[in-house]
Amino acid sequence: MLELENLVFQYGRSIPPWRFHFSVEAGQCLAIQGPSGSGKSTVLNLIAGFLAPDSGRILWQRTPIHQQKPWQRPVTSVFQEHNLFEHLDVFTNIGLGIHPGLKLDQHQRKAIDAGLERTGLAGFGPRMPGELSGGQRQRVALLRAILRRQPVLLLDEPLTGLDADTRHILYAMLLEEKARGITMVLASHDEEERRILADSYWNL
Ligand code: ADP
Ligand code: MG
């Protein structure tokens, strides 16, 4: 279970502080909903460790993680800017998510190829990010996050802008991850995304 316990965060004195208090059972998806500028990305950044709370705790399986560095947390994030390494090809971008030293076994290499094929990117492994469309980059970033298989997956408006066919493939993949026990926090103002993926809600 992922728990945000009386978490308080403030960017500066001019904006009132946010207070977050919710939990997500393992294998469930909680949707953070609210209009643009309401703090959805902020809460994901707090869980990921890119922002530090002023007070309160974040726990994973009852262990506090809010003082851990981002890379020590059991968390993977897909942010809107889908940050790919521009000088590395698609296969390497995904492979580095699975193993930072790119030491991939046959099973993991096959999982990357199968994932590319499933998301309509068969044969894209050797391409450079600069050669991809926005939607293709988004699929690579999402695939990289899914294949990392961290226990907690943070998704920031993950399917915005993708066509209906691609969205439905990705919904199926994300639902399979949930069935496997992956815990998700979804920041989304998209009703369809929330309806298909979310088990519970936090309103901002
Ligand atoms: P959402 O994801 O719901 O659109 P955000 O979490 O990105 O909302 O932002 C919430 C609010 O915090 C916005 O009003 C935004 O302007 C403000 N904000 C975001 N980042 C910063 C920052 N680095 N410094 C100060 N204010 C910020
Ligand atoms: Mg946002």
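Is Thr 42 buried or exposed, and what is its relative accessible area? Thr 42 is buried, with a relative accessible area of 6%. Buried means under 20% relative accessible area, exposed over 50%, and partly exposed in between, using a 1.4 Å probe and protein chains only.

This is a predicted model, in which local features need pLDDT of at least 70 and side-chain atom pairs count only at pLDDT 80 or more, while totals for chains, interfaces and linings use all residues. Residues are numbered from 1 along each chain as its sequence is written, chains are lettered from A and ligands numbered from 1 in the order in which they are written, and side-chain values use heavy atoms, with hydrogens and water left out.

Thr 42 sits in helix α1. Helices are DSSP runs of H or I with at least four residues, strands are E runs of at least two, and both are numbered from the N terminus. Beyond its neighbours within four places in sequence, Thr 42 is in contact with Phe 9, Tyr 11, Trp 18 and Leu 51. Contact means heavy atoms within 4.5 Å.

**Ligand 1**

Polar contacts are pairs of N or O atoms within 3.5 Å.

| Backbone N or O atom of | Distance to an oxygen atom of ligand 1 |
|---|---|
| Gly 37 | 2.7 Å |
| Ser 38 | 3.2 Å |
| Lys 40 | 2.9 Å |

Taken alone, ligand 1 exposes 560 Å², and the protein buries 55% of that. Accessible areas come from the Shrake-Rupley method with a 1.4 Å probe.

**Domains**

The domain assignment gives domain 1 (1-74 + 154-161 + 185-204) and domain 2 (75-149). Such bounds come from an automatic or database assignment. The C-alpha centres of domain 1 and domain 2 lie 24 Å apart. Across the boundary, 15 residues of domain 1 are in contact with eight residues of domain 2.

**Positive phi**

Gln 61 is not a glycine, yet has a positive phi of about 50 degrees. Gln 61 lies in the loop between β4 (55-60) and β5 (63-64). Leu 102, also not a glycine, has a positive phi of about 60 degrees.

Notes: A polar contact is a pair of N or O atoms within 3.5 Å; within protein, one must be able to donate a hydrogen and the other to accept it, and residues adjacent in sequence count only if both atoms are side-chain atoms.
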